[in-house]
Amino acid sequence: MTELQPWVGPTYDRLADLLAGAPAETWDAPTLCEKWAVRHVVAHVTMPVRLTPERFGAEMAAARGDFGVLSDTVAARDAALPAADLLDQLRSPVLHAWQPPGGGEAGALSHAVIHSLDVTIALGRPPVAPPQAVAAILDRIAAADGAWFGIDLTGVRLEATDAAWNRGSGRLVRADSGSLVALLSGRTLPGGQSLPRS
């Protein structure tokens with residue numbers, strides 16, 4: 001069984017490196033996450049650095065148990081933090097070791113890979129996640145047959161343009177591995193390409 005956690009830190013570190021070297025306005029650029037700019041995505045993925053279990057519980061109670069509401073609230077609020085602080089949090093060992101409750105290593109890596117792709121694809125930049133990490137998440141998300149994000153893969157054949165990877169039969173959808181991860185995560189690519197919802 002391949003260990004997945006060791007790829008989490010490099011993904012976040014390389015995202016931090018990308019943003020540290022980018023123009024300041026990049027932080028306000030849109031991402032594949034609807035209504036979220038780059039700063040919102042970074043504020044979201046770095047929540048584990050700022051929220052102790054007690055604070056997370058309080059935030060969850062305030063959101064009446066709705067994680068979507070909690071995520072939007074925290075992202076909107078903490079996106080206002082200085083970029084330098086958010087970059088430090090992306091590089092934090094706390095974040096690199098974090099695993100979502102019940103999600104384990106696969107949950108931690110999928111969070112890092114998918115949200116980093118939300119940023120890099122929207123910015124027209126190559127993935128920051130190691131290729132092995134993108135491939136691992138592509139395998140896992142495809143094996144779930146679209147269930148992770150409510151995607152209907154009936155009559156769809158997926159083919160990677162950058163690897164010997166394919167899945168399913170029917171209407172052909174070809175893209176690089178990172179874009180396939182984004183599509184299977186319910187994202188719409190900059191050109192308008194998306195997969196149907198179930």
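**How do we know? Talking through a predicted model**

Trainee: What pattern does the protein follow, read along the sequence?

Mentor: Along the sequence the pattern is α-α-α-α-α-α-α-α-α-β-β-β-α. Keep in mind that this is a predicted model. In total, the secondary structure comes to 10 helices and 3 strands.

Trainee: What makes β2 and β3 edge strands?

Mentor: Start with the sheet: 3 strands form an open one, in the order β2-β1-β3, with mixed pairing. In it, β2 (166-167) and β3 (171-175) each pair on one side only, and that makes them the edge strands.

Trainee: How do you know that β1 and β2 pair?

Mentor: We count bridges. Two strands pair if there are at least two bridges between them. Strand β1, residues 156-160, and β2 have 2 bridges, so they meet that cut-off. The sense of this pairing is antiparallel.

Trainee: Which residue stands opposite Asn166 in β2?

Mentor: That's Glu159.

Trainee: Why is Asn166 called partly exposed?

Mentor: Its relative accessible area is 44%. Buried means under 20% and exposed means over 50%. Asn166, at 44%, falls in between, so it is called partly exposed.

Trainee: What does Asn166 touch, leaving out residues up to four places away in sequence?

Mentor: Arg157, Leu158 and Glu159. A contact means heavy atoms within 4.5 Å, so Asn166 has heavy atoms within that distance of each of those three.

Trainee: How far apart are the C-alpha atoms of Asn166 and Ala142?

Mentor: They are separated by 9.6 Å, and the two residues are 24 apart along the chain.

Trainee: How do you know whether the radius of gyration agrees or disagrees with that of a compact globule?

Mentor: Set the value against the rule. With 198 residues, a compact globule would have a radius of gyration near 16 Å. The protein has 16 Å, so the two agree. As for its span, the C-alpha trace covers about 45 × 35 × 35 Å along the principal axes.

Trainee: How many of the residues count as buried?

Mentor: Of the 198 residues, 47% do. Being under 20% relative accessible area is what puts a residue in that group.

Trainee: What about contacts between residues at least 6 apart in sequence?

Mentor: Among those, 61% join residues at least 24 apart.

How values were computed: Residues numbered from 1 in each chain as written. Predicted model: local features only at pLDDT ≥ 70, side-chain atom pairs only at ≥ 80, totals over all residues. Heavy atoms only, no water. Helix = DSSP H or I, 4+ residues; strand = E, 2+ residues; numbered from the N terminus. Rg over C-alpha atoms; globule rule 2.2 N^0.38 Å. Buried < 20%, exposed > 50% of the residue type's maximum accessible area, 1.4 Å probe, protein only.
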